Amino acid sequence: ATTDFTGDGLPDFAIASYNDDSIVWLENRGLTTRQINGKVQYDADSNGCTTQDYGVVTKLVQATDSNFSLAAFTSAAGTYQLNLSDGNYTLSLPNTATHFGVSPLEPIVQLNDALPAIESNFCITPAIATEDLEISLYPTNSVRAGFDHQLKMIVKNVGSVEKNAAIKLYHPANKLLFQSAEPQANASTAGVLEFTISNLQPLTERLLTVNFTVAVIPIVNLDEIVNIGVEIDDSAGDATPDNNGASVNQSVIASYDPNDITVFEGATVPIENANNYLHYRIRFENTGNTYADRVVIKTTLDSDLDWSTLQPEGASHNYFTTVRNGNEVTFTFNAIYLPAASQNLAAAQGYVLFKIKPKNTVVVGTEVTAMAAIFFDFNPPIITNTATTTFVNTALDVDQVAVEKMVLYPNPVDTLLRVSPT
């Protein structure tokens, strides 16, 4: 018999014996491929990476040859794996900040019959002492009157020195009723939750989850905008303070499409913010009649997005991310065993979060679009909506006028101010 025991999209084989009532299953590992794997570590004391140094999470590792590229992100332990064909590949860590050093810089790896698998590790070291925190804010579900609403905050130390972070989350207390937080808030006042993160090491991150209940109608109204904001309270000395805060505006809804994509910056972005990240959420729900072994989400990046700035920022289930040829992004949830919505609605849902920057060539009027194809096992894909963001000029268009000298009197003025040309 054949079935997908491992939930990786490949049919495995089972053999049953009637003599001893045993069953043996054989894992299908697919066609023979070459593999590059390894680990990316951070060497805080600059004495060479050892087993005592920690792995760097969600670090992009790219392999390129003359006409193909494949990239993947490191796991929570800092490990990565790239499945490739024969060839000579240059490895790199794209978009590494200049206040870090990387060793080796761009090693060349050859894969062939004699060398089917290669281990290639990277060591990142501090080059310039730099303080740089950043924070992202994502709702994991919609604002629906009377229902639960969850927020995820991801705080990252992208600098080269250890930092503490004091965080404030602002919310409309009468519309979003606070229930719980993980980790617990240090303080909770009307509309403000405060958190403290201590000893955040370079190239590490911390996740904060906050749960609310949305008020019922008429305290909230359909289509009403609910604003939530977060900031790192003390940004003194931060190299890039612009990414020390975030906000999202959401409309109160009554129903929703369970498979969708959202860009939280909205339909328009001021052109002066074109260097900032765009934050996306893709949601999925198993609307079939049985569980799904595997979920795969594919999205093609808009040509005006800089793929090297892509950062996966979490998901509802275990997953991994790959990027082919600089624009074909795949989020894979193996062995997810997602139940049908008719069996368990809450457990039938999932999401993935990511952010990415526009290219520096965007201008006023540039439209960035995003959509996704969601595959449940071997079924045809569910195509999401299209999320569109247009870069706009928010400056006032005021004609220049000639300025002449004039006299204002009396000074000080009581009830009447007179203006006359000189």
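## A loop residue with positive phi

Asn-325 sits in the loop that runs between strand 28 (320-324) and strand 29 (328-333). In this predicted model, the phi angle of Asn-325 is near 55 degrees, which is a positive value in a residue other than glycine. For context, most residues other than glycine have a negative phi, and most peptide bonds are trans.

## Two cis peptide bonds

Which residues does a cis peptide bond join, with omega at about -10 degrees? They are Ser-103 and Pro-104. You will find Pro-104 in the loop between strand 9 and strand 10 (108-111).

Another cis bond leads from Ile-217 to Pro-218, and there omega is near 15 degrees. Pro-218 belongs to the loop between strand 20 and strand 21 (225-232).

Let's turn to the strands. Strands of a sheet pair through backbone hydrogen bonds, either parallel or antiparallel.

Looking at one pair in detail, strand 17 and strand 20 (residues 204-214) run antiparallel and are paired over six bridges. If you want a spot to look for on screen, Ala-181 stands opposite Val-210 in strand 20.

## The cavity

How many cavities of 30 Å³ or more does the structure hold? There is one, and the largest cavity contains about 60 Å³ of space.

Its lining is made of Tyr-280, Thr-299, Thr-300, Leu-301, Asp-302, Leu-305, Phe-354, Ile-356, Thr-369 and Ala-370. Three strands each supply at least two residues of that lining: strand 26 (295-300), strand 30 (349-358) and strand 31 (367-370).

## Strand 12 and its partners

Strand 12 (residues 122-126) runs parallel to strand 4 (residues 34-42), and three bridges join the two. In this pairing, Val-40 stands opposite Phe-122 of strand 12.

Strand 12 is also joined to strand 9 (residues 100-103), this time in the antiparallel sense and by four bridges. Thr-125 in strand 12 is the bridge partner of Gly-101.

## Salt bridges

Across the whole structure, a search finds 11 salt bridges. One of them links Asp-86 with Arg-34, and their closest N and O atoms are 2.5 Å apart. Why does this pair tie together parts that are 52 residues apart in sequence? Asp-86 lies in the loop between strand 7 (79-84) and strand 8 (87-92), whereas Arg-34 lies in strand 4, so the pair connects those two parts.

## A nonpolar patch on the surface

Finally, have a look at the surface, where Ile-15, Val-24 and Leu-26 form a nonpolar patch. Together these residues have about 260 Å² of accessible area. Ile-15 is part of strand 2 (residues 12-17).

How values were computed. Residues are numbered from 1 along each chain as its sequence is written. This is a predicted model: local features need pLDDT of at least 70, side-chain atom pairs count only at pLDDT 80 or more; totals for chains, interfaces and linings use all residues. Side-chain values use heavy atoms; hydrogens and water are left out. Patches are made of residues with over 30% relative accessible area and no salt bridge: like charges are joined within 9 Å, nonpolar side chains (Val, Leu, Ile, Met, Phe, Trp, Tyr) within 5 Å. Accessible areas come from the Shrake-Rupley method with a 1.4 Å probe; for residues, only the protein chains shown count as cover. A salt bridge is a side-chain nitrogen of Lys or Arg within 4 Å of a carboxyl oxygen of Asp or Glu. Two strands pair if DSSP finds at least two bridges between them. On a 1 Å grid over the protein atoms alone, a cavity is a set of points where a 1.4 Å probe fits but cannot get out, and a pocket is an open set with protein on both sides within 12 Å along at least five of seven lines; lining residues have an atom within 4 Å of a point. Grid points are joined across faces, edges and corners, and a volume is the space filled by probe spheres set on the points.
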